[in-house]
Every structure is written in structure tokens, then in C-alpha cells.
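Welcome! Take a moment to look over the structure shown here, and then we will walk through a few of its helices together.

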Amino acid sequence: GTAAAGYLLNYRQLGQRILVTFYLKLRPGESALLLPQDIHQPSRPPGSGLEHYSVAEILAAPKAECGSHERVFNQQAFQFQKRWNHVRRLVGETKTHFYQLRHRGATAVLLKNPRASQQVQNEFRHHLAASTRRYANPGLIRKQLEKKHPAIRKFCQVAMQDMSSIVQHRLS
């Protein structure tokens, strides 16, 4: 929901950075330091969360807009934080921190496929399975979703289903 809110508020870079951090399970500093040459078409198996669009598609515009040695996400930290705070309040995530997107990316994979813990461990670059279990918490996410206002929950569900159109600015 936060990525969709970012796009809909015309905070495109924020929406892009949220999606990249979430789906690639990046640390916040890793997404902040992306350079154009770091972006390429990922090869992902079906069910990885990138069926409808790819990270390369999400970042095509900012990659084209910046020089080869400029960071893709070039927002000032204070502007980024101000916009992040705005979108997270809109979707009822007042206590969520940006670094938690990494955790929720892992949780989303495990909600779809509880047996994918090895895949998540590899994507997180963890040596121990215990480290991965600490991050992925499907039960907690379910509880948090149940507490959300029904309108916010519906917005988040629709946003997940229609994210490809949101990313490409083709809203119906």
C-alpha cells in the first residue's frame, strides 16, 4: 500500500524505492546507493512476486534520467523521510520503519509458500536459517492486517493486484 500511495501522490522515486527494497529484500542503504549499471532485468521464477512487472521496468525512467555515475534514487534524506512518513500514515503504518520493508518482503514470500525458507535465506544472503526466521513473520503481518481499517485494507489489496498499472501510470 505504501508504494501505491507514493505513486498516487506523485512521489514516483519513493514508490520505486519502496518496491525495489521490498521485492529484492534490500537493506535501505543498498537501495539508496543503486547506480544505473546495477539495474538489469532480473531472472525470477514464477511466484517470486515479480510476475506482473519487473524491477527493471520500475526503474527504467530514473535509470534513463540519471548519468552513469549518479545514484538512481537521488532524493535528499530529509525529503525522502518526509514523504515516507506521509505515505505510511495514509495507509495506517505509523510505526513502520523503512528497513522493515526488507522483512515484509521475506514475509510475503513465505505467506505465498511457507516452504520457501531456503529461497528467502538465499535472497537475504544469510548464512543461518535462524537469521531468516527472525525476519520473516507471517503471523504478525496477518494480525496487523486484521487491525487495519477496512478501507485501508481494501486499498492495499487493490494496489497489490493492480501495481503494474500504477507503476505504468495506467489507472482505471
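This is a predicted model: local features need pLDDT of at least 70, side-chain atom pairs count only at pLDDT 80 or more; totals for chains, interfaces and linings use all residues.

## The end of helix α8

Residues are numbered from 1 along each chain as its sequence is written, and side-chain values use heavy atoms, leaving out hydrogens and water.

**Helix α8**
- Val-120, Gln-121, Glu-123 and Phe-124 are the buried residues of α8 (residues 117–124); buried means under 20% relative accessible area, with a 1.4 Å probe and protein chains only.
- Looking down the axis of α8, these buried residues fall within an arc of 165°, so they line one face of the helix. The arc is taken from the directions from the helix axis to the C-beta atoms.
- Helices here are DSSP runs (H or I, at least four residues), numbered from the N terminus.

**Gln-13 in helix α2**
- Gln-13 sits in α2, which covers residues 12–24.
- Is Gln-13 buried or exposed? Gln-13 is buried, with a relative accessible area of 16%.
- Leaving aside residues up to four places away in sequence, Gln-13 touches Val-72, Phe-73, Asn-74 and Gln-75; contact means heavy atoms within 4.5 Å.

**Where α2 meets α6**
- The axes of α2 and α6 (residues 77–90) are 10 Å apart, and the two helices pack at an angle of about 75°.
- The pair is therefore roughly perpendicular, a label for angles of 65 to 115 degrees.
- Leu-14, Arg-17 and Ile-18 of α2 meet Phe-80, Arg-83, Trp-84 and Val-87 of α6.

Notes
Buried means under 20% relative accessible area, exposed over 50%, partly exposed in between (1.4 Å probe, protein chains only). Axes are lines fitted to C-alpha atoms, for helices over the stretch in contact, and angles run from 0 to 180 degrees between N-to-C directions. Angles under 35 degrees count as roughly parallel, over 145 as roughly antiparallel, 65 to 115 as roughly perpendicular and the rest as oblique.
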